[in-house]
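Good morning, and thank you for coming. Please look at the sequence and the structure as I display them.

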Amino acid sequence: MSEETPEHSQTRIIAVANQKGGVGKTTTVINLGANLATSEKRTLVIDLDPQCNASSGLGFEPTEEPTLLEVLLEEADQPTILSFETIPGLDVITGSPDLVGAEKLLPQAGSDPLQAVNRMIQKLPNQENPYEYIFLDCPPSLGMLTLNAFSAATHLMIPVQAEYFALEGLTSIMESLQVAQARMNEDLNLYGILITMMDLRTNLSRQVEAEIRNHYGNKVFRTTIPRNVRLSEAPSHALPVTLYDFWSSGAKAYMELTKEILRNGS
Ligand SMILES: Nc1ncnc2c1ncn2[C@@H]1O[C@H](COP(=O)(O)OP(=O)(O)OP(=O)(O)O)[C@@H](O)[C@H]1O
Ligand SMILES: [Mg+2]
């Protein structure tokens, strides 16, 4: 690797974002991240949410020192990188409750407040075997942390719940994507829209799916994620769903999504 080559230039950095809460962002980060690592793609999950659900869902207490906020404020040089022991190749930088202070404190720090996550990623130790995927689990808002994810990412993945107002929420985040591309990061690509929490017993889910596909065509992943109680139980056992209940419909769906991504070479 030449000295000019950025250390993580081959890495897909995927912001998983939607300003709407509870649409499956964290569930997607945990399960897609775990499956890609199982497929021997080195993967790092960065938990940018003060709720720290991605951290706790993988069994990590969000109490590591330095906290992620301290690293983003450049009060500490390097974050602590933890390994999920059951799946080699799955690493985590945990979130921290003090991230609620990011909104106020990042703009007060010296450097460009929207580049804090990018700076941290660029400074990660140079590994012989760099990450192929870095997932940024965003909080449900378009605040400082999500905008930082948009600045740092190469791709944006948008989980959307198959419910009545899905399209309206999508329009709003697609507008944010365009603004981010125009003002902050012209290299940010739409990775795809993922329809989550499909309820296959009702027509509504299928209608919403049809509408989303009608509007966004091939920007929507073929795979959809069903509503499945195993997906909501797995985090309390600190496990991705494939390790919690391999045969569940949720596990199958996230495996299918992983295959779709690997098949597309994306
Ligand atoms: N496909 C699914 N089937 C059933 N429950 C699900 C599914 N996906 C997510 N859940 C559950 O729904 C809740 C919200 O999911 P999740 O935390 O992934 O959403 P989020 O978008 O990250 O939320 P937030 O905006 O608060 O960060 C969680 O309790 C989760 O376990
Ligand atoms: Mg979340």
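Predicted model: local features only at pLDDT ≥ 70, side-chain atom pairs only at ≥ 80, totals over all residues.

Residues are numbered from 1 along each chain as its sequence is written, and chains are lettered from A and ligands numbered from 1 in the order in which they are written.

The protein has 11 helices and seven strands; these are DSSP runs, helices being H or I of at least four residues and strands E of at least two, numbered from the N terminus. Its radius of gyration, taken over C-alpha atoms, is 18 Å, close to the 18 Å of the globule rule for 266 residues, so the protein is as compact as a globular protein of that length. That rule is 2.2 Å times the number of residues to the power 0.38.

The seven strands form an open, mixed sheet in the order 3-4-2-5-1-6-7, where two strands pair if DSSP finds at least two bridges between them. Strand 3 (82-83) and strand 7 (189-196) are at the edges with a single partner strand each, so one side of each has no neighbour in the sheet. Strand 7 pairs with strand 6 in the parallel sense over seven bridges, and Asn189 is the bridge partner of His155.

Is helix 6 buried or exposed? Nine of the nine residues of helix 6 (144-152) are buried, meaning that 20 or more other C-beta atoms, placed from the backbone, lie within 10 Å of a residue's own.

How values were computed
Buried ≥ 20, exposed ≤ 12 C-beta atoms within 10 Å, placed from the backbone.
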